[in-house]
Amino acid sequence: MQEESPESSPFAGERSTSWALRRFWRANVRPVWRQLRAPIIVLLGLTVIVFGTIGYGKLGDDWWEALFKSFQLYAFGGSLQSGDPLVLNIARVLGPLLVGVAAIRGLLVLSREQLRLIGFRLFRRNHTVIVGLGDVGFKLAASLNDLGERVIAIDRDATQPSIAGCRERGISVLVGDAADPDLLRTACVHRASYLIVAPGSDGVAADVVAAAAAITTDRADRPLKVIAHIEDRALWQALRAHTVSHGDGPDLEVEFFNLYETAGRLVLDRDPPFSAEAAAGHRGPRVLIVADQAIAEVLIVNAARLWRNSRADERARIVITLAAAGAEAECERLRERYPAIDSIADLDPWEIDLASPAVRESARNHDAGAAYVALGDEARGAAVALTLAATNPAGRKIVLAINDRRLGAALIAGADGGTGAIRLFGILELVLSPRFLVDGLRETLARAMHDSYERSQLATGETELPYVKPWAALEDDAKSSNRDFAADIPRKLTAVGCMVVPAALPDVERSTRIFEQHVGDRLEELAEAEHERWMAERIRSGWSYAAERDNAAKLHDCLVPYEQLSEADKEKDRVTIRELPEMLAKAGFAIERTAS
């Protein structure tokens, strides 16, 4: 995954000259000034004493009296006289000046927060508010600040160590309960572009989102984008399902994310557990996972999901070895929680001391085509990765997931003898990238829709169409069209009395059966509604009708009423409706009937 760049970030706005100057001051001038400030002030203070003593001495005072009078200069104890020595007049100006600067600086420190509050209320708009300055919140605040985004942070704990780090970077910090609507108004949440909620408590996160909804009304331009971190994986799944089923309001668009669920998915997306050749074969590969319970579940379930979506032979089963204390109980728990996994994977619990030489010598290690290490004790995880690398099969990458690639565990893992076998995955660095957070659920659904379209076109031999290409290669205009489709999914589900429920390994056939039963004879009606939605989205994007399609000129021959479409083009809209259960399954959802 590439580094987040200012140009690619959705947060990065227009770079003003003042922003560039502030950044230059913080990065280059302020560190030097802070090192030199104390010596300079001491030197100037001594200059007042020395110059004052010399000056009064020239006026005839003895040494002790001259020294005493020079100290009085700090209390405005002298006035400029044209006939007096130059050194004395310099001291008379410099002494009060130092006292005045110190007094003004003290007043600014005391009133800084009040001045900031006034500035927020008068000028702050289209900014980002971050609630919670733990690992997640602080990482995001620092990243967004580096991108030039105007950030206001809120934390209820005045002793939070990262508050100093924020203020060092020029990030405004408010201390208080973010679930208080008055504090959110102070941070001008109702005028912000983004609200990121990561307080470290799911209950507090829900309260903050509710408070934000209460004060955010009449957003005529665009809704407030709320991105909330939910630590409980089950709650996260339920909230995402609710969003897909019911959509967002006109003033608030809410995304929920779970750090380790997201990390597990990204690890497997970046370093797949099997090759395309393995997926095309009749014998499933073996994957080795050394992980703690939270992320182990994510890696196992998503590896199984990827295998089910990719395998050519439905009888081929992936073998997933879990090496961990309590592996047997964990595998049994996963079988109970995800019954469908038994039709996809053979879970192989490996109860072993991870420090034992048997880890690297075992056939389970040597037969694994991919290995993933993700332990809460990162130094221990690095040691396990090094153990596996000592006898690593040719071509295999060992993925080591750690919170921060800049810290000690990364240095330990780098000592793999220069083989490059260990590939580091920085969870906080990659999962908390601004682009990924903003993409969120809607992006996942949009990609699933495009994958379905690409697969259906390839199945009919249509390989030359402009949009038959991987998601990453699509133009922004095409991606925008898919996102608009994703935003319309709640309306489609509501129209046929369906809802979605979280299901990491959903039964696609059951979801399809339920959906088709509820669609009944309304397929044509839904296909026509989908065409009208697509037409409206295309027209908003600047497209118009032409008898011959020209993507470069934004001309399309299907921008006509549904009844004027050819039968082949109508069928495309019908297929889009029929494949909705499969699209949702790829995103981790199953379709159920709406409770009456």
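**A buried cysteine and onward**

Modeller: Cys188 is buried, with a relative accessible area of 1%, and its place is the loop between α6 (181-186) and β4 (194-197). Please keep in mind throughout that this is a predicted model.

Biologist: What is phi of Cys188 near?

Modeller: Phi of Cys188 is near 55°, which is a positive value in a residue other than glycine. Most residues other than glycine have a negative phi.

Biologist: Which other residue has a positive phi although it is not a glycine?

Modeller: Lys554 does, with a phi of about 60°. Lys554 sits in the loop between β14 (544-545) and β15, and with a relative accessible area of 30% Lys554 is partly exposed, whereas Cys188 is buried.

Biologist: Let's talk confidence. What pLDDT does the protein average?

Modeller: The average is 83, and 87% of the residues score at least 70. Among the elements, β8 has the highest mean pLDDT, at 96, while helix α16 (residues 408-413) has the lowest, at 57.

Biologist: And where does pLDDT stay under 50?

Modeller: That happens over residues 1-8, for which the model has 16 contacts beyond four places in sequence. Where pLDDT is low, the predicted coordinates should not be read in detail.

Biologist: Switching to charges, how many salt bridges does the structure hold?

Modeller: The structure holds 34 salt bridges. One of them joins Arg317 to Asp346, with the closest N and O atoms 2.7 Å apart. Arg317 lies in the loop between α11 (293-310) and β8 (318-323) and Asp346 in strand β9 (residues 345-350), so this pair ties together parts that are 29 residues apart in sequence.

Biologist: Is Arg317 buried, exposed or partly exposed?

Modeller: Arg317 is partly exposed at 27% relative accessible area, and Asp346 also counts as partly exposed, with a relative accessibility of 34%.

Biologist: Which salt bridge has both partners buried?

Modeller: Arg538 and Asp477 make such a pair, with their closest N and O atoms 2.8 Å apart.

Biologist: What does Lys492 pair with?

Modeller: The side chain of Lys492 meets that of Glu530 in a salt bridge, 2.8 Å from N to O. Since Lys492 lies in helix α20 (residues 489-495) and Glu530 in helix α22, the pair ties together parts that are 38 residues apart in sequence. Lys492 is buried, and Glu530 is buried as well.

Biologist: Which residues are linked with Lys492 and Glu530 in a network of salt bridges?

Modeller: That network also takes in Asp484, Asp488, Arg491, Arg533 and Arg540.

Biologist: Now the greasy parts. Which residues touch the most other members of the largest nonpolar core?

Modeller: Ile289, Ile320, Tyr372 and Phe425 do, in a core of 63 residues. The element that gives the most to this core is α11, with nine residues. Apart from this core lies another, of 28 residues, which includes Val189, Ile215, Trp236 and Val254.

Biologist: What does Tyr372 touch?

Modeller: Leaving aside residues up to four places away in sequence, Tyr372 touches several residues, among them Val267, Leu268, Pro272, Pro273, Ile289, Leu299 and Val399, and also Asp271.

Biologist: What about Val560, where does it lie?

Modeller: Val560 lies in the loop between β15 (555-556) and α23 (567-578), and at 12% relative accessibility Val560 counts as buried. Beyond four places in sequence, Val560 touches His531, Met535, Tyr545 and Leu565. Val560 and Tyr545 are 15 residues apart along the chain, and their C-alpha atoms are separated by 7.4 Å.

Notes
Residues are numbered from 1 along each chain as its sequence is written. This is a predicted model: local features need pLDDT of at least 70, side-chain atom pairs count only at pLDDT 80 or more; totals for chains, interfaces and linings use all residues. Side-chain values use heavy atoms; hydrogens and water are left out. A salt bridge is a side-chain nitrogen of Lys or Arg within 4 Å of a carboxyl oxygen of Asp or Glu. Helices (H or I, at least four residues) and strands (E, at least two) are DSSP runs, numbered from the N terminus. Buried means under 20% relative accessible area, exposed over 50%, partly exposed in between (1.4 Å probe, protein chains only). A nonpolar core is a set of buried Ala, Val, Leu, Ile, Met, Phe, Trp, Tyr and Cys residues joined through side-chain atoms within 4.5 Å. Contact means heavy atoms within 4.5 Å. pLDDT is the predictor's confidence in each residue, from 0 to 100.
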